[in-house]
Amino acid sequence: MSTYQFPVEATQIALFVRASGGSDVDVLDSELTAPPTFVQSGAQFDPQWPFRPRPGQPWLGSGREPTGDPDAGDGSILHAEQHFEYFLPVRPGMMLTVTTAPGQTWVKRSRSGGELHFAEERTEYRDADGRLVVAVRSVSVTPVPATGQETAKERP
């Protein structure tokens with residue numbers, strides 16, 4: 001289980017709103033609340049987030065060089081779905097405590113004869129009083145080729 005603090009700042013909400021097509025009217029509203037997927041930007045505060053650039057280390061999120069071993073199932077993890085459930089509005093000035101824990105896992109057979117390994121992750125965002133503000137359920141899928149099946153990298 002991973003836990004970290006996420007400070008919600010008005011400027012960051014404004015940048016997010018503008019990047020999503022919002023206007024000055026939206027970001028100068030005195031009752032400014034964060035857009036629905038804003039809490040995902042809190043990953044920037046997670047010291048364990050694998051897509052966070054770290055000086056002097058290969059960056060998994062760069063796409064510049066392959067990372068992981070596709071045959072081991074760790075080279076092509078796909079984002080499958082995400083669900084957000086809001087209990088309170090996310091507002092500037094909040095300090096959210098973020099806790100992430102693994103959820104269910106399951107396996108399905110793929111059309112190509114391999115397997116699809118699904119993994120759920122559950123993240124809770126709580127305010128300074130410990131109240132649940134947002135609950136997020138994310139599902140990722142890792143394709144695992146059938147034994148003896150060539151991967152995309154091995155094909156001519």
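A nonpolar core is a set of buried Ala, Val, Leu, Ile, Met, Phe, Trp, Tyr and Cys residues joined through side-chain atoms within 4.5 Å. Here, buried stands for under 20% relative accessible area, taken with a 1.4 Å probe and protein chains only.

What you're looking at is a predicted model, where local features need pLDDT of at least 70, side-chain atom pairs count only at pLDDT 80 or more, and totals for chains, interfaces and linings use all residues. Residues are numbered from 1 along each chain as its sequence is written, and side-chain values use heavy atoms, with hydrogens and water left out.

Start with the overall layout. The chain has two helices and five strands, running β-α-α-β-β-β-β along the sequence. These are DSSP runs numbered from the N terminus: helices are H or I with at least four residues, strands E with at least two. Of the 156 residues, 24% are buried.

Now for the core. The largest one holds 19 residues, and Phe 6, Val 8, Val 90, Leu 96 and Tyr 125 have the most contacts inside it.

| Element | Residues |
|---|---|
| strand E1 | 2–7 |
| helix H1 | 10–19 |
| strand E3 | 95–109 |
| strand E5 | 132–144 |

Let's zoom in on Val 8, in the loop between E1 and H1. Val 8 counts as buried because its relative accessibility is 3%. Setting aside neighbours within four places in sequence, its contacts (heavy atoms within 4.5 Å) include Phe 38, Val 90, Met 94 and Leu 96. Val 8 and Met 94 sit 86 residues apart along the chain, yet their C-alpha atoms are separated by 5.3 Å.

Key
Buried means under 20% relative accessible area, exposed over 50%, partly exposed in between (1.4 Å probe, protein chains only).
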